Amino acid sequence: MGRGTSLGRVRGLGSAHAGPHHWWMQRVTAAGNLLLLIWFVVSLARLPVLDHQAVVLWLKSPLAAVPLLLLVISVFWHLRLGLQVFIEDYVHEAGGKVACLLLLNAYVVVAAALCLFSILKIAFGGVPA
Amino acid sequence: MAHNPARPLSPHLSIWKWGPHMLVSILHRATGTALAIGGGLIFTWWLTAAAISPAAYAIFYHWIVDADPSSAHEGAQALVGLLARLVGVALSWSFFQHMASGVRHLMLDTGAGYELKVNRLGAILTIVFSIVATLVFWAVILGKGN
């Protein structure tokens, strides 16, 4: 093992003061994605059609809306962590890196907010089927 | 970050013989990036359109679900439909490949599967899975339309 104090090693933090949490959450959200996306693909395949009415009626059930809300959180969290590493590996110029990371955060926050609000609106009956 | 282009580089990608493990490793990153951007945008479009109106949903449905290149569209529209279908196939394959190689990564994280033959077999299996799953997925989707 590397240098550092015993306490530092116990905390698992290197000089960046971060890292294990990023790695761990990537794995936790991966497991969440695996379960929720299998559920999602099977659920869509079981719908007889994928038109507007079918999707709205499907999402009115709490047993569809709640897993889909959790899926949005898990998937967007996971892809934010993944694209962050992608940017850090390939964008070497400091200004461009910060710009890309800001753009990534904006994309994730806006897209996830749209998804969550849309699911809730349909689930609470805000969209006539 | 200042870097000196005259510095010697260690042997790089070009001199290695490609193997399934290398291919699956870079595919995991490539498919993940494609899904994060393409898949994320299409998924957001789907939910937002569904929450806006049936008309907004119909636009999504027309371009993504019902992007049938064989239908009687005129030139440019048929081309866009074909491209949309290609994107759909590529993203669905990316999804299954990323899922399979992701599960492989979770196993590798436990310290298992680093023996040369096992590692190679695992890499090949992720590709076999993603191709078979993509074929089954589209058979179900297209079967639904008929």
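**A walk through chain B, with a stop at Arg80(A)**

Read from one end of its sequence to the other, chain B runs α-α-α-α. That makes four helices and zero strands. Please keep in mind as you look around that this is a predicted model.

Let's start with the overall dimensions. Laid along its principal axes, the C-alpha trace of chain B spans about 55 × 40 × 30 Å. The radius of gyration of chain B is 20 Å, whereas a compact globule of 146 residues would have one near 15 Å. Of the 146 residues in chain B, 32% are buried. If you count the contacts in chain B with a separation of 6 or more, 64% of them join residues 24 or more positions apart.

Next, the surface and the charges. Chain B has an accessible surface of about 9200 Å², and carbon and sulfur atoms hold 74% of that area. Its charged side chains number 8 positive and 5 negative, with 17 Å between the centres of the two sets.

Now let's move over to chain A and pick out one residue. Arg80(A) sits in helix α4 of chain A, which covers residues 62-90. Is this residue buried, exposed or partly exposed? The relative accessible area of Arg80(A) is 25%, so it counts as partly exposed, since that class lies between the 20% and 50% cut-offs. Leaving aside residues up to four places away in sequence, Arg80(A) touches Leu104(A), Asn105(A) and Val108(A). For a sense of distance, look from Arg80(A) to Pro128(A): the two are 48 residues apart in sequence, and their C-alpha atoms are 33 Å apart in space.

Conventions: Residues numbered from 1 in each chain as written. Chains lettered and ligands numbered in written order. Predicted model: local features only at pLDDT ≥ 70, side-chain atom pairs only at ≥ 80, totals over all residues. Heavy atoms only, no water. Helix = DSSP H or I, 4+ residues; strand = E, 2+ residues; numbered from the N terminus. Rg over C-alpha atoms; globule rule 2.2 N^0.38 Å. Buried < 20%, exposed > 50% of the residue type's maximum accessible area, 1.4 Å probe, protein only. Contact = heavy atoms within 4.5 Å. Areas by Shrake-Rupley, 256 points an atom, 1.4 Å probe, with all protein chains shown as cover. Lys, Arg positive; Asp, Glu negative; His and termini not counted. Charge placed at Lys NZ, Arg CZ, Asp CG, Glu CD.
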